[in-house]
Amino acid sequence: MNNLWILNMGFVALLIGIGLYCLLAMKNTVKLLIGVEIIAKGVTLALVASGYARDNLMLAQAMVITVIVIDVAVIATALALIISINRHTKSLDVSKLTQLKG
Amino acid sequence: MHLFLLIGLVAFSIMAVLSRDLLKSAISLAVASIFLALVFFHLGAVYAGVFELSVVAGLITVLFITAIALTRNDGEVAESKRHRIVFPLFFLALAVLDILVMRKLLGQIPAIQGAGSGTFSQVLWNQRTFDLVGQVGAIFAGVLAVLALFRHDSPKGDSHE
């Protein structure tokens, strides 16, 4: 059981690494949100794997549901923000959002 | 079986990041969610699996596809071509580091037995009640934010600045 936890944690690290790369390297705002989504997947996998390893799966699932619900609220707000910005700038390029630049 | 599901999850996540077409990215993300839900089912986390499948693979994908459709004409962003070279190198370095660290940890962490915590409904409604209040607050805040962002300005132009 402990080795399965370590295997899961290895993949959690890969998922969070891929998400961080996406956040740091991509310029498309929708792609940035996809990066956030991938990091959230890593976090939920970590919670369930830890719950399974500690034989406390019910608590882990309750926390995963909380994470998913908050994730939905964040993604909905961020996508609405992206559409709103897109109407003004006619672009999805994050490097063109320079209106607040000092 | 478990290993194949995890490899599928990571592979589709990489496809979601590297795909040039946003629609393909969104669909790859949905497939990655399906793999994650299967991992949850395999670990016995049925409720989390159902939530992942219905909310993340379903609702969030619909939200992504709607947003992509609404911004379709302006969706082309010239990403750097260096990703084709940089990402494999980054991923290889990350995987090697990951394997080294995890192999070092193998057998080092003692197994801890947690106390069984009753049924799912007992945990969710009795132990994590405050989380539910937070969830309601988060959904309410999200709805208000979306309403505020899609609010139409009044025709006289006297909206608050």
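Predicted model: local features only at pLDDT ≥ 70, side-chain atom pairs only at ≥ 80, totals over all residues.
User: How much of chain B counts as buried?
Analyst: Contacts first: among those in chain B with a separation of 6 or more, residues 24 or more positions apart account for 48%. As for burial, chain B has 161 residues, and the share of them that counts as buried is 23%.

User: How are the centres of the two domains of chain B spaced?
Analyst: The domain assignment gives domain 1 as 1-74 + 83-101 and domain 2 as 121-150 in chain B. Taken over C-alpha atoms, the centres of domain 1 and domain 2 of chain B are separated by 25 Å.

User: Are α1(B) and α2(B) roughly parallel or antiparallel?
Analyst: Helix α1 (residues 2-18) and helix α2 (residues 22-43) of chain B pack at about 160 degrees, with axes 8 Å apart. Over 145 degrees counts as roughly antiparallel. So the relation of α1(B) to α2(B) is roughly antiparallel.

User: And is that crossing left-handed or right-handed?
Analyst: On the α1(B) side, the contact includes Leu5(B), Leu9(B) and Phe12(B), while α2(B) brings residues including Leu29(B), Phe35(B) and Val39(B). By class, the contact of α1(B) with α2(B) has 13 nonpolar, six polar and no charged residues. The crossing of α1(B) and α2(B) is left-handed.

User: Over to chain A: how do α1(A) and α2(A) run relative to each other?
Analyst: Helix α1 (residues 2-25) and helix α2 (residues 29-53) of chain A have axes 8 Å apart, and they pack at an angle of about 165 degrees. The cut-off for roughly antiparallel is over 145 degrees. Therefore α1(A) and α2(A) are roughly antiparallel.

User: What residue classes make up the contact of α1(A) with α2(A)?
Analyst: The helix α1(A) passes α2(A) in a left-handed crossing. By class, the contact of α1(A) with α2(A) comes to 18 nonpolar, six polar and two charged residues.

User: Which helix supplies the largest share of the side of chain A that touches chain B?
Analyst: In total, 59 residues of chain A are in contact with 66 residues of chain B. On the chain A side, α1, α2 and α3 each supply at least two residues. The largest share, 24 residues, comes from α3(A).

User: How does that side of chain A split by class?
Analyst: The side in question belongs to an interface where 59 residues of chain A contact 66 residues of chain B. By class, the side of chain A that touches chain B has 38 nonpolar, 13 polar and eight charged residues.

User: What about α1(A) and α4(B): roughly parallel or antiparallel?
Analyst: The axes of α1(A) and helix α4 (residues 83-105) of chain B come within 10 Å and cross at roughly 150 degrees. That makes α1(A) and α4(B) roughly antiparallel.

User: Is the crossing of α1(A) and α4(B) left-handed or right-handed?
Analyst: Residues of α1(A), including Ile6(A), Leu14(A) and Tyr21(A), meet residues of α4(B), among them Phe87(B), Phe90(B) and Leu94(B). The contact of α1(A) with α4(B) divides into 12 nonpolar, three polar and one charged. The crossing of α1(A) and α4(B) is right-handed.

User: Is Met9(A) buried or exposed?
Analyst: Met9(A) sits in helix α1 of chain A. Leaving out residues up to four places away in sequence, Met9(A) touches Ala46(A), Ala49(A) and Met102(B). There are 21 C-beta neighbours inside 10 Å, so Met9(A) counts as buried.

User: How does Lys90(A) come out, buried or exposed?
Analyst: Lys90(A) lies in the segment after α3 (57-89) of chain A, and its phi is near 55 degrees, a positive value in a residue other than glycine. Most residues other than glycine have a negative phi. Because Lys90(A) has 11 C-beta neighbours inside 10 Å, Lys90(A) counts as exposed.

User: Last one: is Phe130(B) buried or exposed?
Analyst: Phe130(B) is part of helix α6 (residues 129-149) of chain B. With 9 other C-beta atoms within 10 Å, Phe130(B) is exposed.

Conventions: Residues numbered from 1 in each chain as written. Chains lettered and ligands numbered in written order. Helix = DSSP H or I, 4+ residues; strand = E, 2+ residues; numbered from the N terminus. Buried ≥ 20, exposed ≤ 12 C-beta atoms within 10 Å, placed from the backbone. Axes fitted to C-alpha atoms, helices over the stretch in contact; angles between N-to-C directions. Parallel < 35°, antiparallel > 145°, perpendicular 65-115°, else oblique. Left-handed = near helix turned anticlockwise from the far one by under 90°. Nonpolar A, V, L, I, M, F, W, Y, C, P; charged D, E, K, R; others polar. Contact = placed C-beta atoms within 7 Å. Domains from an automatic or database assignment.
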